[in-house]
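Please consult the sequence and the model as you read.

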Amino acid sequence: PGHGQSSAPELEYTQEYFRDAVLAVMDHAGIDRAVLVGHSMGAFVNRLVAIKAPERVAGLIHVDGALMEAPEDEDALAALTEQLDGMLQMFQGPDSDQFAREFIASMHSSETTPQVREWVEDRMLATPAHVRNSAMTNFLVPAVWDRPPTEVPTLALFAVAPDLPPDLEQMMERMFPNLTYILWDGPGHFLMQERPDEVTRVIREYLGKLGL
C-alpha cells in the first residue's frame, strides 16, 4: 500500500499494516501458502507474516533485508535511538526529498551502474512523501524490531556494506534458526537490479532445495 500503483490513503504505514496487506493479497488471489521474497524493509514485513501465519509461508527469501536487533546495552541503545531520531527528522523536514536522494545514494556501491541508480531513485521518490515518512517513522524504532524467531525455512542474501553488523550471520540464525546465509562482496543494496541473473539463480536453487 502506498507504493507503485497502489492507493496511498492518509494513515499510519506500520509494519503490521504492511504485514496484513500481504495476507490480504494472498487471500484475494486464492493463495493458501507461498514463498515470500522481500527486499530491504520488505524482509521485515515478510518476517511478520511468517510469525503471524506460519502455516501460510512455505519459505522466506530476504534480499539485503532490513533486519536488525536493538542493542542490549543501555548506552548503545540510547545512542542508536538518538541517531535514528535524527534521521527521522531529516525525512520529515523541508529538505526531505534531497535527504531521501542522499540516503538512497548511500546504499549503492562502486559496482552500481548509473542506469540502476537512476531507476532506483525514480521509483523510490515516486512514493508519496507521507507514505515514506510514515513507513520510516514506524520502522526506525528499536522496540519495533523485537520479535520472536520463526522456524520457517529462510534464505538470507546480503551484500557487504560498511554498516553491516559484524555478527550478521549469527543474528540471522537467532531470528531464523532454519537459515541458509549468503554474503556477496561487490554489489550495493539493490542486488536484484545489479545482478538479476545471479539472484534469480540463487532463488531457484533454494526453491529446489525446498522441493518447490
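## Terms and basis

A residue is called buried when its relative accessible area is under 20%, exposed when it is over 50%, and partly exposed in between, using a 1.4 Å probe and protein chains only. A salt bridge is a side-chain nitrogen of Lys or Arg within 4 Å of a carboxyl oxygen of Asp or Glu. Helices are DSSP runs (H or I) of at least four residues, numbered from the N terminus.

The model is predicted: local features need pLDDT of at least 70, side-chain atom pairs count only at pLDDT 80 or more, and totals for chains, interfaces and linings use all residues. Residues are numbered from 1 along each chain as its sequence is written, and side-chain values use heavy atoms, with hydrogens and water left out.

The salt bridges number 11. In one of them, Asp 20 pairs with Lys 52, with 3.0 Å between the closest N and O atoms. This pair joins distant parts of the chain, 32 residues apart: Asp 20 lies in helix α1 (residues 15-29) and Lys 52 in helix α2 (residues 41-52). Asp 20 is partly exposed at 31%, and Lys 52 is partly exposed at 46%. A network of salt bridges links Arg 19, Asp 20 and Lys 52.

Asp 97 and Arg 132 also form a salt bridge, at 2.2 Å from N to O. Asp 97 belongs to helix α4 (residues 96-105) and Arg 132 to helix α6 (residues 129-137), 35 residues apart. Asp 97 is partly exposed at 39%, whereas Arg 132 is buried at 11%.

## The pair Arg 174 and Asp 167

Arg 174 and Asp 167 meet through their side chains in a salt bridge of 3.4 Å, N to O. Arg 174 is partly exposed, with a relative accessible area of 41%, and Asp 167 is partly exposed at 31%.

Note on methods. Helices (H or I, at least four residues) and strands (E, at least two) are DSSP runs, numbered from the N terminus.
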